[in-house]
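Dear colleague,

Please find below the structure that I am handing over to you. My notes on it follow directly after.

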Amino acid sequence: MNVYLKDYLSCGNPTLAMNQALHACQAGDTLYLGGGRIDFHQEHAARRDWYYPFYGQEQKYTIISIENKKDLTIDGEGADLIFHGDVAPISIENSEGVVLRNFSVDYEYPLYAQALISAVGDDWFEITFDQKEFFCRISDNNFVFYSEADGWENIVSAPLVTEFSPDGAPTQKNPYFACLNEPDKNSFLYRMMCQLEPEQINEKTIRLKGSVGRLPHTAGNYWVCAHASRKNSGIFLWHSTDVQLRNIDLYNTTAMGIVGIGVNNLIIDDVNSVVRNGSGRMLAVKDDAVHLVNCSGTVEIANCTFMNMIDDAVNVHGVYAVVERKIDARTLLVRFDYPAKKALRFYHPGDTILLINRQTLVPIAANMLTHVTQADQHHLKLEFAEGLPEGVEDVLLEDRSRMPFLHIHDCVTGNNRPRGFLIATPRAIVENCTFFNMSSAIVLTGETINYFESGPVRELLIRNNRFHNSAYTGGPVISNKTTIGTYAGKGFHSGITIINNDFRLNGKRFIRLQYCDDVVFKNNTYTQDASLPYHGEIGDEGGAFTDCINVEWEAPKTPSMVSPEN
């Protein structure tokens with residue numbers, strides 16, 4: 001059956017009309033939104049407590065809330081969905097066979113800040129807000145970002161700042177936290193914190209005095225900062241199956257573009273993080289364009305453009321739990337040591353769980369879950385099919401059943417801080433993509449110190465990609481995190497094949513890996529372009545491998561030398 005939003009708009013409130021239309025939808029229905037501009041406000045939005053694993057719990061208001069639905073399609077027919085205030089656009093929870101297609105997501109007043117760097121001195125600079133879309137004042141040594149029209153206000157003392165050029169790309173300037181109070185020396189981000197003294201010059205202009213790192217700001221560029229929390233992702237997916245997102249433009253989201261937790265089989269096709277043409281904005285998605293946690297089945301990301309974020313294009317990983325104590329022979333009490341520390345329903349009966357030595361990351365045992373119980377806000381109680389070994393306190397747990405096959409192809413990503421694709425899942429293919437990110441284009445992740453993102457790579461194919469001005473602020477194009485303790489086993493990552501790719505850089509800095517085995521790097525090409533930033537070279541002809549076994553390394557062939565004029 002077809003359901004039409006227009007049949008419910010007589011109530012005068014599009015948010016209420018959307019709720020009523022969704023309530024009328026049955027299995028197999030298609031809801032047509034009718035195209036055109038549709039404005040959504042907080043009144044009549046679904047209200048709930050929402051939790052993002054690494055940043056905490058907050059109450060949110062969701063406009064398009066899809067819950068316990070089966071085989072539902074929402075076709076925007078080219079609709080321009082405009083959201084107002086502190087709201088989350090779309091969520092899909094505990095559903096199967098949902099398809100979203102043919103619309104865009106934007107905010108009337110973005111929950112990020114953008115100001116012209118209007119003057120620069122020896123130890124100060126001034127930023128000027130347009131007072132049309134972007135507003136800010138200083139109060140009690142805090143930035144107060146606000147929109148009177150949409151009725152929101154964010155008070156922060158240390159927003160994350162990235163400098164953008166007028167053409168919409170992050171510059172060589174190092175990103176930093178603009179701290180109006182004393183920086184937290186215990187934070188793992190302390191090295192990015194710059195203490196500044198604010199002065200309100202007039203209603204539009206603020207002067208900030210102090211050092212902002214290695215490079216000063218440049219007058220005429222833009223001071224762009226993230227100040228909203230991460231609670232309102234553009235599209236939030238929770239424990240759903242066979243979800244498809246197609247032909248969607250994310251012109252602005254106040255946090256991540258797409259967040260998926262516990263999703264089984266996901267297609268993201270022609271979904272784009274891009275600024276609206278003619279808007280003058282620097283940012284589209286504020287944080288990661290796509291962030292997937294403990295998913296399963298197949299994840300396909302195809303024909304997408306991920307640009308103008310203040311975080312990564314794609315991040316796919318699991319989550320390590322930490323054993324707090326052994327309750328009995330088959331039962332463990334576990335916690336999560338990522339920053340927010342709340343225990344979520346990451347694990348499920350029937351899953352295969354790997355027990356891993358926290359210091360060496362060497363697997364100890366594997367066991368099947370039979371029962372999962374929420375012990376309290378911060379702990380899960382896990383019961384296993386077989387007896388557990390002794391001495392498992394402080395051991396890590398990893399769910400090997402919640403690691404998808406990842407296929408990313410025919411995508412473009414760049415003009416963002418910091419990286420392209422972060423991969424922490426056993427099987428993945430990245431092909432026919434173009435990269436021009438600020439930092440590494442592809443990073444193999446998995447770490448046990450800050451965010452506890454799990455997922456060793458076992459079979460990764462990177463082929464037929466274009467790395468053109470990748471890592472343009474320095475460092476390797478392809479790399480892996482090494483914040484994984486004192487690894488003592490076989491390669492943490494293995495089975496990595498990098499073939500038939502084209503690198504266009506000014507300097508040989510193609511790859512740097514550690515604790516990676518069975519690596520093949522061959523049949524790639526390199527064009528030196530002297531018009532691009534030079535940041536030195538890496539290792540042996542652009543490759544460096546530390547504590548790696550069985551590496552087949554062939555330096556990329558150099559078909560030509562490109563002069564700055566070209």
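How many disulfides does a search of the whole structure find? The search finds zero, where a disulfide is a pair of cysteine sulfur atoms within 2.5 Å. In general terms, a disulfide is a covalent bond between the sulfur atoms of two cysteines.

Before the details, please note that this is a predicted model, in which local features need pLDDT of at least 70 and side-chain atom pairs count only at pLDDT 80 or more, while totals for chains, interfaces and linings use all residues. Residues are numbered from 1 along each chain as its sequence is written, and side-chain values use heavy atoms, with hydrogens and water left out.

Cysteines

Two cysteines illustrate the result of the search. For Cys11, the closest cysteine sulfur is that of Cys25, and it lies 15 Å away, too far for a bond. Cys11 is partly exposed, at a relative accessible area of 35%; here buried means under 20% relative accessible area, exposed means over 50%, and partly exposed is in between (1.4 Å probe, protein chains only). For Cys225, the closest cysteine sulfur belongs to Cys136 at 7.3 Å, which is also too far for a bond. Cys225 is buried, with 0% relative accessibility.

Helix α1

Helices (H or I, at least four residues) and strands (E, at least two) are DSSP runs, numbered from the N terminus. Helix α1 spans residues 14-24, and its buried residues include Thr15, Ala17, Met18, Ala21 and Leu22. These residues lie on the same side of α1, because they cover an arc of only 160° around the axis; the arc is that of the directions from the helix axis to the C-beta atoms. The N-terminal end of α1 is capped by Asn13, whose side-chain oxygen lies 2.9 Å from the backbone nitrogen of Thr15.

Arg137 and its surroundings

Arg137 belongs to strand β11, residues 136-139, and is partly exposed at 33% relative accessible area. Its side chain is joined to that of Glu153 by a polar contact of 2.8 Å. A polar contact is a pair of N or O atoms within 3.5 Å; within protein, one must be able to donate a hydrogen and the other to accept it, and residues adjacent in sequence count only if both atoms are side-chain atoms. Leaving aside neighbours within four places in sequence, the residues in contact with Arg137 (heavy atoms within 4.5 Å) include Asn142, Phe143, Tyr146, Gln200 and Ile206. Arg137 and Glu199 are 62 residues apart in sequence, and their C-alpha atoms are 9.6 Å apart in space.

Loop residues

Asn294 sits in the loop between β24 (290-293) and β25 (296-302). Its phi is near 50°, a positive value in a residue other than glycine, and Asn294 is buried at 2% relative accessibility. Asn550 also has a positive phi, of about 60°, although it is not a glycine. Asn550 is placed in the loop between β49 (543-546) and β50 (551-553) and is exposed, at 55% relative accessibility.

Pro418 is in the loop between β35 (412-414) and β36 (421-423). The peptide bond that leads from Arg417 to Pro418 is cis, with omega near -5°. Thr425 is found in the loop between β36 and β37 (427-431) and is buried, with a relative accessible area of 0%. Beyond its neighbours within four places in sequence, Thr425 is in contact with Met403, Pro404, Leu406, Gly455, Pro456 and Val457.

With kind regards
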